[in-house]
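Please open the model in a viewer and keep the sequence at hand.

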Amino acid sequence: GVSWEEAGRFLEWLNGKLGRDAKGAPDKRGYYRLPTVAEWEYAARAGATGRFVVSVLDADESKLCRYGNGADQSLGALAWVNSRCNDGRARDTAQVKSYRPNAFGLYDVHGNVWEWVADCWEEKHSAVKADGGANNGSERCARVARGGSWRSAPSAMRLAKRTSFAQDHRRPTLGFRVL
């Protein structure tokens, strides 16, 4: 339940605790930040070329409960739930590592919480910077979130899916991953 602005303040605090700032670090390890759209997708895909982290999920979404916390039978009789699986989590964020990781060993790239990334929203996905850097746009732009949440249908948990929210928007289905 954290806004993009709150995630940014946390990262400023974390970098300050470690003697780093957003302009770089005194050592070669860099600093803590949100991933860019390109970095998030590269890490989430881990070499996968289909809609999900493993190709079997493209053909059989009933197995999606093994890889991510999304809307399923445990959420109830809602039109968009994955009626072919039930992880028993219902209306809550799952503990990290409750599901199988992707090929890079990253957990929760499908569902659990939408993850804020550094970029400003662009209507076309093709507007993502070729160099992998963040699209910073205007100071008050809408920001991108990736991965879906415990309330998301399988279609919203696809690796290429993205959505946008105002920078100050908060909800129980929003969080972030530290890079």
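Helices (H or I, at least four residues) and strands (E, at least two) are DSSP runs, numbered from the N terminus. This is a predicted model, in which local features need pLDDT of at least 70 and side-chain atom pairs count only at pLDDT 80 or more, while totals for chains, interfaces and linings use all residues. Residues are numbered from 1 along each chain as its sequence is written, and side-chain values use heavy atoms, with hydrogens and water left out.

**First stop: helix α2**

Select residues 37-45, which form helix α2, and show the side chains of R45 and E41; these two residues lie 4 residues apart, about one turn of the helix. Their side chains meet in a salt bridge of 2.9 Å, N to O (a side-chain nitrogen of Lys or Arg within 4 Å of a carboxyl oxygen of Asp or Glu). Side chains of opposite charge can pair when their charged atoms come close. Both R45 and E41 are buried; buried means under 20% relative accessible area, exposed over 50%, and partly exposed in between (1.4 Å probe, protein chains only).

The whole structure holds 10 salt bridges. Select R51, D58, E61 and R84 together, as salt bridges link these residues in a network. Within this selection, the side chains of D58 and R51 meet at 3.7 Å, N to O. D58 has a relative accessible area of 27% and is therefore partly exposed; R51, at 31%, also counts as partly exposed. Next, select K63 and D60, whose closest N and O atoms are 2.8 Å apart in a salt bridge. K63 is partly exposed because its relative accessibility is 24%.

Where does H110 lie? Select residues 110-111, and H110 will be found in strand β2. H110 counts as buried because its relative accessibility is 0%. Two polar contacts may be displayed here (a polar contact is a pair of N or O atoms within 3.5 Å; within protein, one must be able to donate a hydrogen and the other to accept it, and residues adjacent in sequence count only if both atoms are side-chain atoms). The side chain of H110 reaches the backbone oxygen of M157 at 2.7 Å, and a polar atom of that side chain lies 3.0 Å from the backbone nitrogen of V53.
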